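Subject: Structure handover

Hello,

The structure is below, followed by notes on what was found in it. Please read the notes with the coordinates open.

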Amino acid sequence: MLVFMIFAITGVSQLIVMDNYIELDEQQALKDATWMRGLIKSDMDSLEMVSLGYATGDDHYEYVVSPDEEYVLSHLTKDVFRINRLDLIVYLDLSGEVVHGSFYDEMNDKQKPLSGSLLEFSSFSNCSRSGFINLPEGLLLISSSPIVKSSGDGPARGTVVMGRFLDSDEMNYLSEDSGIAIELLPADDPQLPAGIWNEGPSEVFIETVDEDVLAGYYPIIDVFGDPAMVARTTTPRSITDQWLDSLYYYALSLLFVGLVFAFLLILFLDDIVLKRISKLCVDVKSIGQENDLFSRLDLEGDDELSRLSDSINSMLGKLEDMHKAENHAVMKAMPVMVVHMKLDGTIIHRNDPQNGDLLFLSSMDFNNIYDILPEDTAKLMRMKIQDIATSKEVGVVEYNLPVGDRMVNLESRILVFGEDDVLAIITDNSHRKAAESALIQSKLEAEASSRTKSEFIANMSHELRTPLNSIIGFSNIIYNESHGSLNESQKKYISTVIRNGKHLSNIINDILSVSKIEAGKMELHVDEFFVSDTINEVEAMMAPIALEKGIDMSCNIDIVMPVKADMIKFKQIVYNLVSNAINFTDKGGTVTIGGNISEDFVHISVKDRGIGISPENQDKLFNPFFQADSSISRKVGGTGLGLVIVKKFTEMHGGYVQVESKEGEGSTFTVSFPFNGDVVDIP
């Protein structure tokens, strides 16, 4: 019930708030894109401030009227370019002619005269205009300001033009404090969203790249009103990911708290029960020692102990009444039989229940337990009474009593008080025993239902493989262009179908294998083969995958004699272990396959330098669908059945699996099985 509630809470939470977190991610992406636009506009504003500062000054005004080299050496130095992050400065007179133009080569730390396309913008730069120009050298941000005196008097004598390339260095500078990565894309880049230029300029656009990333776009129009470049920034869906992680840990926390609560509750109940039993024993002993039939037990609650206490109190009351007035009618009305006897089993007094399950005892005439109990049972009862008298505690004796053609199960709660006085409270447990038998039968039926489930899954998995194989087969025919050529998009789509189809086929095969094992339908086909040859095949199969991840895979097999085992299942065992090792090892790591023989066992080990496994998760590795780290598991894929299959196949050979691992240092999985080919039934 606890697990069901946790799944229900997490499922409903995900259903209700998932869209809200997706919307928050989209709002964050829009915020990043708007911030990116603001950074670019602030870059333009800063350039305008620099150009305006150089355009309003008497010395700049005089230079345009009467150019001299002294001004250039003092006002247009390399430091001016570096401090203001400028790539070019141009002074134009009123006719649009270049009075001075220089370009700063940052790589070589040199000023160079303008040449080529850097001069082409002078035809429209003789007015106060700022914006972007798309040049062969890149996207140039310019600011043009008319040159006037510092007081603002006098006519303009020319124009100062300053330019700054929006290259990768400039983008890194703009995004350095904001943490937003900005890249520039050509106006006709195929990555751009469709219709990005159909809307007005200065707008930002948001597009979903994949399930983990959103992209924001800012189209840049040049000074001619034509598309120039598009700035793009990417925003990870961190809010959604954090929420999913939080939901995962929330569920784990609920489970942990629930388990702790259940454990503490059990301890609490156990403590309460033990204390109450101890109190009951002390009170009963005190009453017995003092022969105080007027005292009563004070045990609160509504359970078996409280009912026992009530029964004892009732018995004490009846004894009190018996001693006073020998009121047998009250004793007969009790649903239990209360027997006062001596240590040797001689009955001093008993009541005769007139209703309930013990009615049959009222008609029996017996003065000693030997008169009613079988000899062996009576001896056992006497021994138990002696033990209880020695321990001075409440004792319970359970025994069967034949009544006609049926067997009645009785329970006696025995109190020893005084030197030779025993009080037995007898109840009929036949109904409880019947209920226990019914529970056992239900358990057997549930186990049979579980086997039926496994058989059903095995049959359904088998039925799924037939159409899936057809899908993969026909997709391969289409991909190989046997019936016509495909364009790039079509090949991409059909390749995705093939890849996902094979992935689904592997999952179904794993489920089918586990289901067959659970249903008892998995068989071993024992052959004689060389372990090294089979492992070399697996190594050759996995080598390209390891090479692609930059993982060094090596093999060290010291087995020269042939072994008897199911070669296909042996290969599956090694394949699953090597695949896991590669999946959970980062680039630059190592995976080593080892093998040797000791005594009558073959030992195959796969060692990696991956993420390792925590001690608390090592005992759960071989549980179906268990994954030690959901974030890593989702990154590398998998169903959590690979190690289950390894363990089951190994145990079918009469072997076992060992795991040695330490977090952050890697893991070593070792399978060991006898090489004589014995088959073992796996429950």
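**Loops with positive phi**

Asp109 is found in the loop between β2 (98–105) and β3 (110–113). Helices and strands here are DSSP runs numbered from the N terminus (H or I with at least four residues for helices, E with at least two for strands). This is a predicted model, in which local features need pLDDT of at least 70 and side-chain atom pairs count only at pLDDT 80 or more, while totals for chains, interfaces and linings use all residues. Residues are numbered from 1 along each chain as its sequence is written, and side-chain values use heavy atoms, with hydrogens and water left out.

Asp109 is not a glycine, yet has a positive phi of about 55 degrees. Most residues other than glycine have a negative phi. With a relative accessible area of 31%, Asp109 is partly exposed (buried means under 20% relative accessible area, exposed over 50%, and partly exposed in between, with a 1.4 Å probe and protein chains only).

Arg85 is another such case: its phi is near 55 degrees, a positive value in a residue other than glycine. Arg85 lies in the loop between α4 (78–83) and β1 (88–93), and is partly exposed at a relative accessible area of 22%.

**Salt bridges**

Side chains of opposite charge can pair when their charged atoms come close. A salt bridge is counted when a side-chain nitrogen of Lys or Arg is within 4 Å of a carboxyl oxygen of Asp or Glu. A search of the whole structure finds 12 salt bridges. These are some of them:

- Arg82 with Asp109: the closest N and O atoms are 2.8 Å apart. Arg82 lies in helix α4 and Asp109 in the loop between β2 and β3, so the pair ties together parts that are 27 residues apart in sequence. Arg82 is partly exposed, at 40% relative accessibility.
- Arg232 with Glu183: the N to O distance is 2.6 Å. Arg232 is in strand β10 (residues 227–236) and Glu183 in strand β7 (residues 183–186), so this pair ties together parts that are 49 residues apart in sequence. Arg232 counts as buried at 13% relative accessibility, whereas Glu183 counts as partly exposed at 32%.
- Asp105 with Lys112: the closest N and O atoms are 3.1 Å apart. Asp105 is buried at 13% relative accessibility, and Lys112 is partly exposed at 35%.

**Cavity**

How many cavities of 30 Å³ or more are there? The count comes to 1. A cavity is a set of points, on a 1 Å grid over the protein atoms alone, where a 1.4 Å probe fits but cannot get out; lining residues have an atom within 4 Å of a point. Grid points are joined across faces, edges and corners, and the volume is the space filled by probe spheres set on the points.

The largest cavity has a volume of about 170 Å³. Its lining has 18 residues, of which Phe366, Ile369, Ile372, Tyr399 and Ile426 lie nearest the centre. The elements that give two or more residues to this lining are β11 (337–341), α10 (369–372), β13 (395–403), β14 (406–417) and β15 (421–428). By class, the lining of the largest cavity has 16 nonpolar, 2 polar and no charged residues (Ala, Val, Leu, Ile, Met, Phe, Trp, Tyr, Cys and Pro count as nonpolar, Asp, Glu, Lys and Arg as charged, and the others, Gly among them, as polar).

**Surface patch**

Phe256, Val257, Val260, Phe263, Leu264 and Leu267 form a nonpolar patch on the surface, with about 580 Å² of accessible area together. Patches are made of residues with over 30% relative accessible area and no salt bridge; like charges are joined within 9 Å, and nonpolar side chains (Val, Leu, Ile, Met, Phe, Trp, Tyr) within 5 Å. Accessible areas come from the Shrake-Rupley method with a 1.4 Å probe, and for residues only the protein chains shown count as cover. Leu267 lies in helix α6 (residues 238–290) and is partly exposed, with a relative accessible area of 42%.

**Buried parts**

Of the 11 residues of helix α18 (residues 642–652), 8 are buried, so the helix is largely enclosed by the rest of the structure. Among the buried residues of α18 are Leu643, Ile645, Phe649 and Met652. Just after α18, Gly654 takes a positive phi of about 85 degrees.

Phe529, in strand β16 (residues 526–529), is buried at 6% relative accessibility. The C-alpha atoms of Phe529 and Lys564 are separated by 6.6 Å, and the two residues are 35 residues apart along the chain.

Regards

Terms used. 1 Å grid on protein atoms, 1.4 Å probe; cavity = no way out; pocket = protein on both sides within 12 Å on 5 of 7 lines; lining within 4 Å.
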